[in-house]
Amino acid sequence: MALAAATTLLGGAMYANANAASVTPDPSTSASPTTPGSTSPTNPGSTSPSTPASASAPEPTGTAGTGSSVSEVVDAANAFLKTLDDDQQADVLLDFTQANAIAWSNEACGADCRVGIELSTLSDTQLAAAEAVVEAATGTGTGTGYDQISQILAADDVLGETDSSYGSGNNYLALLGTPSTSGTWQLHFGGDQLAVNLTYKDGEVVGTTPYFAGVEPATWTDDDGTTYAPLSGMHDGMESMLEGLSDDELSEAELSDSTTDVVLGPDEDGDFPDTKEGLAVSELTDDQQQLVLDAITPWVEAADDTTAASTLSTYKSELDDTYISYSGTTALDTAGDYVRIDGPGVWIEFSVKDGVVDTSQLNYSSVYRDHDTDYGGEFSFS
């Protein structure tokens with residue numbers, strides 16, 4: 001199916017995403033998207049129509065949501081499944097195994113490296129239901145959570161205007177395990193520039209990683225003159241963190257070897273270095289430590305709002321045992337620039353590369369992992 005169907009994922013109503021306590025859903029009910037009220041554009045003066053203006057270059061939603069709980073994520077998942085025929089359900093509803101969980105990539109490898117159903121094969125109705133699942137499960141911030149995800153998908157379509165092998169329709173959605181407020185299951189969504197892995201256990205979010213967020217082009221302007229930069233919050237937070245260091249601190253934080261891509265990308269599960277490198281955050285002032293926490297925040301806010309707040313609180317308590325490091329320049333505007341945050345739990349990398357399709361553009365790649373709760377901590381990679 002043409003990408004006209006796939007763009008539906010970017011255009012419907014938004015959920016607010018708060019992780020509530022365990023609530024047993026009524027299996028006879030299903031979540032339905034609410035109608036958004038006022039919008040919160042990603043860029044001042046921009047508009048966010050509910051229907052994309054162009055199938056080839058859909059506009060991100062840029063809107064906040066109106067509230068959802070884990071039970072509503074389950075309801076949305078079940079509602080999506082009801083829109084599918086038996087064969088499609090078999091593609092989507094899979095076992096929560098290690099092999100299925102780690103089947104994500106930032107390569108253009110389609111179903112060869114991913115599980116689930118491809119968005120381009122879905123009808124408009126099915127895509128609207130898929131949208132409801134992703135929206136319900138992710139954060140409500142401007143430039144983070146579902147807003148960021150929608151912009152990454154829109155960037156896929158911008159890239160598709162130059163190279164038809166790219167597009168938002170190339171993303172895949174799978175439900176690993178049975179969606180429920182009891183038992184363990186995972187929402188598994190992504191494509192060439194995105195990997196969302198949210199793990200649920202007994203009605204609570206127990207894992208929000210790995211989360212891969214990449215984009216090419218790093219920034220673009222649509223026909224209405226609105227400029228989008230899906231990873232700008234991540235880029236700017238890391239840049240500000242490095243700018244806040246003294247020359248001596250930068251020298252201590254600099255890695256001895258250059259790093260041209262993320263280290264713990266796909267197929268690198270559990271390969272955290274034995275020794276942390278760089279500058280200990282414990283050596284920094286309170287203001288500098290706040291910059292580190294601010295840099296962490298956009299990745300954490302990919303998850304629902306309540307889970308994000310709890311996770312950020314944990315990472316704040318671990319700052320004294322966290323390290324920051326970089327290679328290349330601190331402006332993060334040149335291919336080969338790289339920065340990392342590594343703590344007892346948090347692991348974040350941001351890498352700048354030349355564009356793959358348009359080498360005059362930059363390509364940003366980032367990965368967020370947790371030493372203990374990748375895939376909900378369900379698998380051992382040692």
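## Bridges, a disulfide and loops in a predicted model

The side chains of Asp269 and Arg369 meet in a salt bridge, with 3.0 Å from N to O; a salt bridge here is a side-chain nitrogen of Lys or Arg within 4 Å of a carboxyl oxygen of Asp or Glu. This pair links distant parts of the chain, 100 residues apart, for Asp269 sits in the loop between helix 8 (247-253) and strand 10 (279-280), while Arg369 belongs to strand 14 (residues 362-370). Helices (H or I, at least four residues) and strands (E, at least two) are DSSP runs, numbered from the N terminus.

The structure is a predicted model, in which local features need pLDDT of at least 70 and side-chain atom pairs count only at pLDDT 80 or more, whereas totals for chains, interfaces and linings use all residues. Residues are numbered from 1 along each chain as its sequence is written, and side-chain values use heavy atoms, with hydrogens and water left out.

### Salt bridges

The structure holds 7 salt bridges, and three of them are set out below.

| Pair | Closest N to O distance |
|---|---|
| Arg114 and Asp192 | 3.3 Å |
| Arg340 and Glu277 | 3.3 Å |

Arg114 forms its salt bridge with Asp192. Arg114 lies in the loop between helix 4 (98-101) and strand 2 (117-118), and Asp192 lies in the loop between strand 4 (184-191) and strand 5 (194-201), so the pair ties together parts that are 78 residues apart in sequence. Arg114 is buried at 8% relative accessibility, and Asp192 is likewise buried at 8%.

In the pair of Arg340 and Glu277, the partners again come from distant parts of the chain, 63 residues apart, with Arg340 in strand 12 (residues 338-342) and Glu277 in the loop between helix 8 and strand 10. Arg340 counts as buried at 6% relative accessibility, whereas Glu277 is partly exposed, with a relative accessible area of 37%. Salt bridges that share partners also join Asp269, Arg369 and Asp374 into one network.

### The disulfide

A disulfide is a covalent bond between the sulfur atoms of two cysteines, and the cut-off used here is a pair of cysteine sulfur atoms within 2.5 Å. A search of the whole structure finds 1 disulfide, formed by Cys109 and Cys113 with their sulfur atoms 1.8 Å apart. The link of Cys109 and Cys113 is right-handed, with 75° about the S-S bond. Cys109 is partly exposed, having a relative accessible area of 22%, while Cys113 counts as buried at 18% relative accessibility.

### A pair of helices

How do helix 2 and helix 5 pack? Helix 2 (residues 70-82) and helix 5 (residues 124-137) pack at an angle of about 165°, with their axes 8 Å apart, which makes helix 2 roughly antiparallel to helix 5. Axes are lines fitted to C-alpha atoms, for helices over the stretch in contact, and angles run from 0 to 180 degrees between N-to-C directions; angles under 35 degrees count as roughly parallel, over 145 as roughly antiparallel, 65 to 115 as roughly perpendicular and the rest as oblique. The contact (heavy atoms within 4.5 Å) is made by Val73, Ala76, Ala77 and Phe80 of helix 2, together with residues of helix 5 including Gln126, Ala129, Val133 and Ala137.

### Backbone details in loops

A cis peptide bond, with omega about 0°, joins Thr209 and Pro210, and Pro210 has its place in the loop between strand 6 (204-207) and strand 7 (211-215). The peptide bond from Glu216 to Pro217 is cis as well, with omega near 0°, and Pro217 lies in the loop between strand 7 and strand 8 (220-221).

Asp202 has a positive phi of about 50° although it is not a glycine; Asp202 lies in the loop between strand 5 and strand 6 and is partly exposed, with a relative accessible area of 43%. Leu332, also a residue other than glycine, has a positive phi near 55°. Leu332 is found in the loop between strand 11 (323-327) and strand 12, and at 0% relative accessibility Leu332 counts as buried.

Notes:
Buried < 20%, exposed > 50% of the residue type's maximum accessible area, 1.4 Å probe, protein only.
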